[in-house]
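Keep the sequence and the structure open while you work through them.

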Amino acid sequence: MIFSFFKNTRTKSPTNHPQFWVDYVAQFSKDQNIDIQSKFIVLDTETTGFDYENDRILCIGAVLLEKGHISIKNSFEVYLIQEHYNSETTPIHGILKKEKKDKATEFEALKNFLNYIGNTPIIAHHTMFDVNMINKALSRHGIPPLKNKLLDTVALYKKSLLRSPLIERKDHYSLDELADKFNISKKDRHTALGDAYITALLFLKIYKKLKEKTGQVTFKRLFIN
Amino acid sequence: MKNTISHRVADFLKGFPPFNMLSIEVLEDIAVEINIQYLDKDGLVFKEGDNPHSNFYVVHKGAIALRKAPQNEMVDLCDEGDIFGLRPLMAQENYKMEAKAYEETILYCIPIEVFKPYALKNKSIGNFLLESFASNTRNPYAKKHRGKLYGETSGEENEAIVPLFDVQQVRWSKNIISCETSTAITELANAMKLNKIGAILVLKNKLPIGIITDKDLRNKIGTGEIPISGTAIEIMSSPVITYGEELTVTQAQMGMMASGVSHLCITKDGTPHTKAVGIVSKHDIMLSVGNNPSVLIKAIQRATKTKEIKRIRLSILKLLRGYLQQGIPMTITSKIISELNNACTKQVIELNLKKMETPPPCSFVWLAIGSQGRNEQLLQTDQDNAIIFEKESNGDGEPHKSYFLKLAQKINKGLMKIGYEYCPADMMASNPKWCLDLDSWKKNVSYWISNPGKNEVLLSSIFFDFNAVYGNSKLSDELSDVIFETLKRFPVFTTHLASGALQSPPPSGFFRSFLVEHDGANKDNFDLKRRTLMPLTDAARVLILSHFIKGINNTAARFEKLATLEPNNKELYLSCSYATKALLKFRTKQGILHHDSGRYLDLNSLSKEERVKLKRTFKTIKEIQELINIRFKVSQLL
């Protein structure tokens, strides 16, 4: 394994990637066999807006899902120091005012995040948005994009719908809309960790629906990457 | 690491004993260590005899059924905030019962190692746990009946229908409506009317000194003995019979009999010298018995929260099970249970109407469609419903639709909370397509009938069995008239409907040729609904529509009506009616057995006799389908 050499010597790789990235990549060496009993990271980010170039991540929240269990101790929540904060984008999530929270630099946050997720598959709601946001942040520090397998609760929900002329399919289903449909409490909505928790429950409920519909769920076919 | 989720968990726990005896800081520390577990319906937490887990459980959402061998009798149903699985951990013994999710459930798993130090350190927690273990109820403070956690299993099968209720604690109402000795009679009578109660407590310095019941109003005011301008003290019955909080059903009954009263007052220490905390009426006791439809109806109508209705629904289920076991005829059973189910829906609508900011801008009617519309829904399945509102707008440009959609969303959610799952095909009043003004509905049904494509026939077959559950039924009557007028003009629709009724032929026989379904989860089971009930329902619908008979929705009743209309086919129709009822019974029994909709029949669970019965219905279905094929010349469509 090429990376093991660098890992042992604790030097930077020739491409000047930081050590945590090297360690992160090293975990993707072998094929993963994934089923519902596997570990999943359920992720949500709060951002200053929807523009990948100009907007920034305010907070990353994630929970670890394993065999239907969410371990609170093993959840992840980090607030980012806003260096390029644009005062025109007034606080949406109330995060900016919470100055008391421990905050990390973008680089620190990404490092901790990658250490946390390792090679675990990621679940999110409209996953590509969160992942693109994180990848943009990574690239600002000269780091390549995430390598984890990705699942999207919106895509899964669409798959779970009956084929019926009476059902209108939409492209977008908001987290609020689906939380209502599946009777999930919306407390802590619009905090990254709160949304990650809601998404985790949503995933479990949609999985159940999918299983009822198709009998067997093969994750390989559900990944969006 | 404290975070958003641990805050939320701590916040939840602090509302329930024994956690409410801990400071929020301590709860936050405990919360960090908690695992959150999600369970499907029937998901197993632990089996009887399993080694104790390293954590005990608190129900956050949903419900957990605790069952005990050998009869698998449910000894307890834990819902939000209830603790279970703690005693084996404390006593270091194996689990004495099985814990399974009764419905979709979220659990908080609290590691015993984290909790134990607090339980040992904090005396009140220790006492709470001791009491709850000793009193055999999970929560000695619980006001409602909690079942016997370590109940000896009852000997006879039949006893299971009515569980031993006499040593249960009475569930009493904590919401005390009271008045002062000087309160005017009209005022207190109004308070009773407003709260729909039969008795009001008279307090002096917060202590109960008398009670006024409907009977007092009748005997003392109605007779003219005391003028209506009087005050409470003149008509109250005194003293009040008081009991302590641990009153059991038997004690309450004895107490009422002995003193000839219909209401007992619960006080802090059981004497009239402490604060009143609740009232028990005969009605409450009857409710504990839970097998009387008229009591249940009253309870439903008095419910002020959706959650209360959900609890009453458990009693309805118990009643249904009793009826089935006692062999009460299906016609009666389905009538009573449907009535109760409809009452629940009505109450949910009432409650949600109150939640709207304004009253409805015009009259409307709530329709149950599909099986509920046919009064064939004994168990909770999916909800199918629609709204007709009187007119599009009041001419002020403000369309009514948004109001009714908002209302429907609330009602659909309320129905989901009491156990009717959302319709997977979204045939619900909150769907803009199923929430329309009368004129739009008329246009819709006329279009379906005059352009009978596949979807139109499908939609009609679901919608045409509507039943007005709540509101202005003139609207639905008017729509029925339009349906029948249009049917007369487009007879070809009936042929299409008939063709739809022949879509799924019954299986021809058993096992070798028995068609089992191949769709995943239910692949070893037989789809009772699609293969037997639906063909009969569809057949009854097309036949009754072809006779232009309106107002009979129930499939069995339709066949009975057909038997009188066509004497030459009387025998076939009657056997169809019989088959429908028998199949419905099969379905209901299966549903109770598996705590689901009963749609899929577990073949192995059938006795020989039941198999023969089932097979006989196949033959009947085949015959009725042949009749339809010939009468409506369906083959010409092809």
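**Exercise 1. A charge and a ring**

Find the ring under the charged end of B:K488, and give the distance to its centre.

*Solution.* Start at B:K488 in this predicted model. Its charged end sits over the ring of B:F548. The distance to the ring centre is 5.0 Å. The cut-off for such a placement is within 6 Å, together with an angle within 35 degrees of the ring normal.

**Exercise 2. Two aromatic pairs**

Classify the pair A:F76 and A:Y116, then the pair B:W434 and B:F463.

*Solution.* The whole structure holds 37 aromatic pairs over all chains.

Step two: take A:F76 and A:Y116. Their centres are 4.9 Å apart, with 25 degrees between the planes. Planes under 30 degrees apart count as stacked, so this pair is stacked.

A:F76 lies in strand β4 (residues 76-80) of chain A, and A:Y116 lies in helix α3 (residues 106-117) of chain A. They are 40 residues apart, so the pair links distant parts of the chain.

A:F76 has 10% relative accessibility, so it counts as buried. A:Y116 has 21%, so it counts as partly exposed. The cut-off for buried is under 20%.

Step five: take B:W434 and B:F463. Here the centres are 5.8 Å apart and the planes 45 degrees apart, which makes the pair tilted. B:W434 is in the loop between α15 (401-417) and β17 of chain B, while B:F463 is in helix α17 of chain B. They are 29 residues apart. B:W434 is buried at 4% relative accessible area. B:F463 is buried at 0%.

Step six: widen the view. Ring pairs link B:W434 and B:F463 into a cluster with B:W441, B:W448, B:F464, B:F466 and B:F493.

**Exercise 3. One face of a helix**

*Solution.* First, get the helix. α16 of chain B runs over residues 438-450 and has 13 residues. From first C-alpha to last it reaches 18 Å, close to the 18 Å expected at 1.5 Å a residue.

Next, list the buried residues: B:L438, B:W441, B:K442, B:V445, B:W448 and B:I449. An α-helix has 3.6 residues a turn, so residues three or four places apart point the same way.

**Exercise 4. A loop residue**

Is B:I228 buried or exposed?

*Solution.* Find B:I228 in the loop between α7 (214-222) and α8 (232-235) of chain B. Its relative accessibility is 54%, so B:I228 counts as exposed. Now look for contacts beyond four places in sequence: they are B:I185, B:T186 and B:I221. The C-alpha atoms of B:I228 and B:I185 are 6.3 Å apart, although 43 residues separate them along the chain.

**Exercise 5. Between the chains**

How many residues does each chain give to the contact, and what area is buried?

*Solution.* Count first: 33 residues come from chain B and 32 from chain A. The buried area is about 3,200 Å². Carbon and sulfur atoms give 56% of that area. On the chain B side, B:T4, B:R8 and B:Y38 supply 21% of the area that chain B buries against chain A, more than any other three residues.

Definitions and conventions
Residues numbered from 1 in each chain as written. Chains lettered and ligands numbered in written order. Predicted model: local features only at pLDDT ≥ 70, side-chain atom pairs only at ≥ 80, totals over all residues. Heavy atoms only, no water. Helix = DSSP H or I, 4+ residues; strand = E, 2+ residues; numbered from the N terminus. Buried < 20%, exposed > 50% of the residue type's maximum accessible area, 1.4 Å probe, protein only. Contact = heavy atoms within 4.5 Å. Expected span 1.5 Å × (residues − 1). Phe/Tyr/Trp six-rings, centres within 6.5 Å; stacked < 30°, edge-to-face > 60°. Buried area = accessible area lost by both parts, 1.4 Å probe.
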